[in-house]
Amino acid sequence: MTELYSASGSKVHSHKADIFCRDETRVDWHSKALWVLREKRDRAAASIPEWEQLRQLGSELKLHTLTHLTDYLQQFEQQCQANGIVVHWYKDGQEHNQIVLNILAKHQVKRLVKSKSMLTEECHMNPFLEQHGIEVVDTDLGERIIQLAKMPPSHIVVPAIHMKKQEVGELFHQQLGTKKGESDPLYLTRAARAHLREKFLTADAAMTGVNMAIADKGAVVVCTNEGNADMGANLPKLQLHSMGIDKVVPNMDAAGVLLRTLARNATGQPVTTYSSFYRGPQQGGEMHVIIVDNGRTEMMKDKILAESLKCIRCGGCLNTCPVYRRSGGYSYNYTIPGPIGIAVGAQHDDTNSIPWPAPYVAVVLMYAQLRCH
Amino acid sequence: MSSKNSILSALKQSALTAHPMPVIDIEVTPQPLVDTFAASLATVAGELHQQGGLAALQAKVDELMAQGLQVLSLVEGVSGNRQVPNTAHELADIDYAILAGELGVAENGAIWVSQTQHRVTPFICENLILALPEKALVANMHQAVNQVSLAQGELGVFVADHLKRQILNKHWLWGRTVHAAFRCICISVIRR
């Protein structure tokens, strides 16, 4: 399983897709499971009369922010500092990982609990910290599953979507000591809850990604369904939040628009279970926000690629795209798979192994762009 | 050059041309707020109790305590059997946390909760009961984000959607509320 779906080895999309397609049953339910999310999205969108207006507003406010990014980033930093938040700026993943390590080392952190962050995946932070003796515990259920299975995420919202419950049952049996042959989702979920509760309660620091950074408040917004970001960020006294420069939005009004579209697009929920606004450290605590470029300013030099930075990472294009649904997330040769991954990963595509051929792009445009934010 | 200056400098080469901030002028669909909120909350498996106000809430708390459950109340006028501990970690065995909800959002059933001391309280408890004041409902998130408090050093959170049944999805594991409170009960002091 691990070998079959490892991102290393084969170099081209079609070959990796071919590997995924050998198990037709898996391909079928993978496709159907994602289409269920897409259908839920459609129902959620249809329930809001002003949906198309919201999409337009979201697109324009993100474009506005990108075209005034210097101002908003600086305003965000100033407001954060006024709230007692330490702000760091770094050019690339290597610098990002080093400062995270430095902060953790200063506080003698042995265990870091982490909620979902595609940026830290992009920066390959986990292996770097682990090499330096820090235990990194991914706490999103899907992320924890793939971490235990030593796999990367195959989807940006549902990272273990490629795994069947029986496979998770076997993995948990081996790693967490659950009963052999048991694959009841409730049983497995409870086992994961107990396992991760102990990690939360004994963590020395927490790290989260950032869904939005509100410039005029100096606050970061973290959206999860599981409460894992908040369990982490509010138990240990040290909280870190890593964000790409593209995550800043001007104000609460902008956040209101994006919060109405994010979860509806992602899973068809009206809003994520927890939409948390952090405007400073907890009493006696320390809060760091790490702003990272990692190629985004390069993308900004290209008009088409720059527009892809409007993305709010709902994953809707993955759920929609028939190629993604039937080729799997590991066929894309980039941390972020699917249509949006092709765009935001283009600059990292030194080996030309990301699927750019014309027919693919045509399909992407036809099926995904129409559904994009 | 510092990384910050390097990033700000690189941004000057952006190919994008300035775009104005759009005017966010979504019209509010006329709707009965309480009914819409109740319907949204039901959709996301929350419970809304509208009768009896804080007295009914205290009666519920008394019932829970009689069962030997650990109840922490931060709502004035409602008493539990646990006091606010010295450390957040000591909240790990709280069965029910009773907190004040500041604002309810009719379109999605979300309730704004802000927390300064022991910010983990709404998440670490097994069950969460939110007391929502009368008239604290708005139609949508546009109104909500402009009315919520978010003081310096504060965590404010929209809590919504405890859709437990999704965990039982037959195809795959769905981690909704896997770590935090399993159930959200909204005791509202709204009286019709």
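Which residues have the most contacts inside the largest nonpolar core?

1. **What you're looking at.** This is a predicted model, in which local features need pLDDT of at least 70 and side-chain atom pairs count only at pLDDT 80 or more, while totals for chains, interfaces and linings use all residues. Residues are numbered from 1 along each chain as its sequence is written, and chains are lettered from A and ligands numbered from 1 in the order in which they are written.

2. **The core.** The residues with the most contacts inside the largest nonpolar core are V249(A), A255(A) and I98(B), and the core has 147 residues. Helix α12 (residues 252-266) of chain A gives the most to this core, with nine residues. Domain 1 (13-47 + 315-371) and domain 2 (51-139 + 204-299) of chain A both supply residues, so the core lies between them. A nonpolar core here is a set of buried Ala, Val, Leu, Ile, Met, Phe, Trp, Tyr and Cys residues joined through C-beta atoms within 7 Å. "Buried" has a cut-off too: 20 or more other C-beta atoms within 10 Å of the residue's own, against 12 or fewer for exposed and partly exposed in between, with C-beta atoms placed from the backbone.

3. **A255(A) up close.** Leave aside its neighbours within four places in sequence, and A255(A) is in contact with M212(A), I214(A), V221(A), V249(A) and, from chain B, V145(B). Two residues are in contact if their C-beta atoms, placed from the backbone, lie within 7 Å.

4. **Chain A overall.** Chain A has 18 helices and ten strands. Helices (H or I, at least four residues) and strands (E, at least two) are DSSP runs, numbered from the N terminus. Of the 373 residues of chain A, 58% count as buried. Among contacts in this chain between residues at least 6 apart in sequence, 75% join residues at least 24 apart.

5. **Two domains in chain A.** The domain bounds come from an automatic or database domain assignment. Taken over C-alpha atoms, the centres of domain 1 and domain 2 of chain A are separated by 25 Å. Twelve residues of domain 1 of chain A are in contact with 13 residues of domain 2 of chain A. On the domain 1 side, helix α2 (residues 24-46) of chain A gives the most, with six residues. By class, that side of domain 1 has four nonpolar, five polar and three charged residues. For these classes, Ala, Val, Leu, Ile, Met, Phe, Trp, Tyr, Cys and Pro count as nonpolar, Asp, Glu, Lys and Arg as charged, and the others, Gly among them, as polar.

6. Strand β9 (residues 274-279) of chain A and β8(B) pair in the antiparallel sense over six bridges, and R279(A) stands opposite E154(B). Two strands pair if DSSP finds at least two bridges between them. Strand β5 (residues 212-214) of chain A pairs with β8(A) in the parallel sense over two bridges, with I214(A) opposite V249(A).

7. **Inside chain B.** Is A131(B) buried or exposed? A131(B) is buried, because 25 other C-beta atoms lie within 10 Å. A131(B) lies in strand β6 (residues 127-132) of chain B, and five of the six residues of β6(B) are buried. Strand β3 (residues 96-100) of chain B pairs with β6(B) in the parallel sense over five bridges. Four of the five residues of β3(B) are buried, so β3(B) is largely enclosed by the rest of the structure.
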